[in-house]
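Dear colleague,

I am handing over the structure below, and I would be grateful if you could read these notes with it open beside you. They begin with a pair of helices and then turn to single residues and some backbone details.

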Amino acid sequence: MSDVSSAVNTVRLTIDGQDLEVPAGVTIWEAAKSAGIEIPVLCHDERLPPAGVCRVCLVDVGEKRLTASCVREVADGMAVTTSNEKIEGLRKGLVELLLSDYPADAGGDDRKTQRDELRDLAASYGAGSDSFPAGNGRPIDASSPVIRVNHQACILCDRCIRACDDVQVNSVIGRTGKGYETRIGFDLDDPMGASTCVACGECEKACPTGALTLASLWERAPESARELKQVDSVCPYCGVGCAITYHVDEQANRVVYADGRDSPVNQGRLCVKGRYGFDYAAHPQRLTKPLIRKDSAYPKGPLSAETTSSNTRRRKPGGLVDYDEVLPYFREATWEEALELAGRRLREIHDEHGSGAMAGFGSAKCSNEEAYLFQKLIRAGFGTNNIDHCTRLCHASSVAALLETIGSGAVTNVFADVENADVALITGSNTTANHPVAATFMKQAVKSGRTKLIVVEPRYIDMADHAEVFLQIRPGTDVACYNSWMHVLIEEDLLDHEFIDRRTEGFEALKELVSNYSPEVAAEVCGVDADEIRRAARLFGSAATAIVFWGMGISQHTTGTDNARCLVSLMLMTGNVGKVGTGLHPLRGQNNVQGASDAGLIPITYPDYQKVGDPEVRAKFEAAWNTELDPNPGLTVVEIMHGALKGEIKGMYMMGENPFLSDPNTNKVRKGLASLEFLVVQDIFLTETAEFADVILPATSFYEKDGTYTNTDRRVQVGRKALAAPGEAREDWRIISDVAAAFGYPMAYDSPAEVFAEFTSLAPSYGGLTYENLGLTGKLWPCPDPETGDGVQVLMTDTFPTPNGLGKFVPCEFEPAKELPDEEFPFVLNTGRLLEHWHTGTMTRRSKALHAIAPVPEVDMHSSDLSMLGLKHGDRVTVSSRRGEITLTARRSDRMIPGTVFIPFHFREAAANVLTIDELDPYGKIPEFKFCAVRIEAAGR
């Protein structure tokens, strides 16, 4: 901006005698703050649009009446007085008026953890509550498990309404009633707990009084109201990686509450899991001592399904593993004994059967350092590349397609850049449930009028409410849909010819293939109107900038790689890669899926996606790790389970993974786990998989260790220890080193920072990053200037990291799913997540608030299907496939396409993956979670 334009866009004024020059358009309150002048407020919150409701911020600008400084814009030559006897008297009177009805117990007894801006302001003015007649009688609403609503303490400042409308863009809260009876209301004046509130807590955070308070604080004993320690860390749940401050009672060793922290990632906002889902760490079922299976001290033959714990042979109601039933099969041991047994038996299997009989499952819930150490042990110690983690079950096909077409499996731009996109496409992602904070940025972009949204999804998801175009396609028809988009773009010349000519290859072959996919052809396959397909394609193709977000609805198919290839082609032909407001963004599912992949928990690549088959790369790691490495790619998650079932994989080490619930075809997984000769499980709870273990090693939760985590944006952040470990539990990185030493491949480190330094020395993308320069908000990789820069936001601005620097079009024919519905199994099953739960429920189902909101498994069905089967909402039904059956409750949801059903996979008592098929995508080797044929009938038939 030039000096002239700067001068045109500033105004001069005086505030309390200070001469100021400020940008035009700012409010008096903002101008005063910039000069260090504090004007009191109650209804105003900097993150929210100003409303001028409470009038506490009144100032004198020389007019007949005082004006609210939070809404009044500055003007050239304006003279402002923020404080004098008249102003202060009015402010005190306003505060006393608000206090007159204010209940004495508003906010609870715990004043150290519950802010109350009204009481603070009253104290500063010496204002009392007896200056005006008092009223009472407005109700308390305790229907929400997480937020207590005291309507009598509400001052109608509307901060909660604006937080819900403008930050989270949920539009749940409004006003109801008239006159003195006016109060905030939820939906159509429902109790908060019965409304469509998603319990994000943004309203409670915005509330300046005791009207909205944390329900958990009302349960806290007064004697425990101690000063709390603040620990700046990150969220342990989805790939968004929200910055959080945990408020910790050190004496009780527990997190009392969590607040969103200012960061480029979440800008202070959180979802229900991040804000309320921390208490699982204090659950009484935490593992605190090493355990050894009673018959595992000596070499033995493969376990049969019958010789494992009884709980693996029958499904019990209630959800969590029954410790009383399982623990009798184990005995407590010392760390020395457990490590000696684990190291000895794994070494014996290795020496007798070779490195190919060994395998390891790492975890995307663990840190970069732990992922790096784990894969190092499997590769350099066990001597095999049979190492994988849950990215195989979520975005392996996306990574395969991205590596093939543009040379990198990482996102090309951050999700918040949606604000600069003309069009955003969300496909195969229930974003508000799976990445709720990222979804707020997308909804804000649409609400601003800057961005138009296209949603393509087999279910009518919440984001469809914000869409310009919604295509509710049949499951598994994505390739046909996007081929027809590309047909329209070519036919109507909505292409970026310069980008295609300069930066891509293979366009002519793609052009020839998609010529066969007219919207009319695709409409027959996808089940949507041809004109709507054209409308979506034209909207996308007409955009100067477009960004695409996708989730596991794209990747978790046997055609998942093809689905992602089509999205890449769509972006290449429109030139929507490498500039602001554009990009390819597969939203990562778990908190460190990106980092775990970066760190090498993949069977075909070392850290930073350096191929195991490349002799130069392998020589680099052999020198670093001082051992010879296997040149052959390893087996993937499902292939390892198949190998165990066939007796080819005999020894396994699992860290923080629960394949019993997360992998497809659970009955086959059960048999595979039971066939292992020796299994070591390292976890914080006794999981379904741990029931099969020979040795169980108690690890620390996220809150009990330091480490770095890389979010879906490629932002590397430090998670900081907030709690002491329970009992004898140890940090995962220490346990890995202990197991390595017991196995005979010592790896000694003094801290996670030391491990991180070794990892970054071998991973060029992370080069230069340290715990010190990551600071409180982290940095994006790559980061050319880690001491002062934030990292590179938009990748591939000039070239692609492919051998020839070009992006590659890969034509894909539509192929149907491997298992189609038929007369015996007439419904299509889709599986996924709920907002309140995560992965296999190990953590969230042990969180009091999250469990209270979503306690039981349900199957979503269209009302016409319920009627056809003689069922109704709330009936118990049995869902069966060719692989097994589960029983759960039917839930009417007309957001489904008739003939399709949805089941979340978090619930062990109705494990969705009992039903799913273990057919694999031939490229990404990802299982088909999103499509299999099922039958539904009333339970007990």
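Which residues in α15 meet which residues in α21? Before the answer, please note that this is a predicted model, in which local features need pLDDT of at least 70 and side-chain atom pairs count only at pLDDT 80 or more, while totals for chains, interfaces and linings use all residues. Residues are numbered from 1 along each chain as its sequence is written, and side-chain values use heavy atoms, with hydrogens and water left out.

**The helix pair**

On the α15 side the residues are Asp478, Val479, Tyr482, Asn483, Trp485, Met486, Leu489 and Ile490, and they meet Asp562, Asn563, Cys566, Leu567, Ser569, Leu570 and Met573 in α21; contact here means heavy atoms within 4.5 Å, and helices (H or I, at least four residues) and strands (E, at least two) are DSSP runs, numbered from the N terminus. By class, this contact of α15 with α21 has 10 nonpolar, three polar and two charged residues, where Ala, Val, Leu, Ile, Met, Phe, Trp, Tyr, Cys and Pro count as nonpolar, Asp, Glu, Lys and Arg as charged, and the others, Gly among them, as polar.

Helix α15 (residues 478-491) packs with α21 at an angle of about 15°, and their axes are 9 Å apart; the axes are lines fitted to C-alpha atoms, for helices over the stretch in contact, and angles run from 0 to 180 degrees between N-to-C directions. The two helices are therefore roughly parallel to each other, a term used for angles under 35 degrees.

Asn563, which has its place in helix α21 (residues 560-573), is buried, with a relative accessible area of 1%; buried means under 20%, exposed over 50%, and partly exposed in between (1.4 Å probe, protein chains only). A polar atom of the Asn563 side chain lies 2.8 Å from the backbone oxygen of Ile554. Not counting residues up to four places away in sequence, Asn563 touches Asp478, Val479, Ile554 and His557.

Thr477 lies in the loop between β20 (469-471) and α15, and is likewise buried, with a relative accessible area of 5%. A polar atom of the Thr477 side chain lies 2.7 Å from the backbone oxygen of Arg474, and, with residues up to four places away in sequence not counted, Thr477 touches Val525, Cys526 and Phe814.

**Helix α5**

Helix α5 (residues 159-167) is mostly covered, since eight of its nine residues are buried. Among the elements that cover these buried residues are α4 (117-125), β8 (173-176) and α14 (436-447). Just after α5, Val169 takes a positive phi of about 55°.

**Backbone details**

Most residues other than glycine have a negative phi, and most peptide bonds are trans. Ala199, in the loop between β9 (183-186) and α6 (202-206), has a positive phi of about 60° although it is not a glycine, and Ala199 is buried, with a relative accessible area of 7%. Gln267, found in the loop between β13 (254-260) and α8 (272-276), has a positive phi near 50°, but Gln267 is partly exposed, with a relative accessible area of 37%. Finally, a cis peptide bond joins Trp781 and Pro782, with omega about -5°, and Pro782 has its place in the loop between β31 (779-780) and β32 (807-808).

With best wishes

How values were computed. Polar contact = N/O pair within 3.5 Å; in protein donor to acceptor, adjacent residues only side chain to side chain. Parallel < 35°, antiparallel > 145°, perpendicular 65-115°, else oblique.
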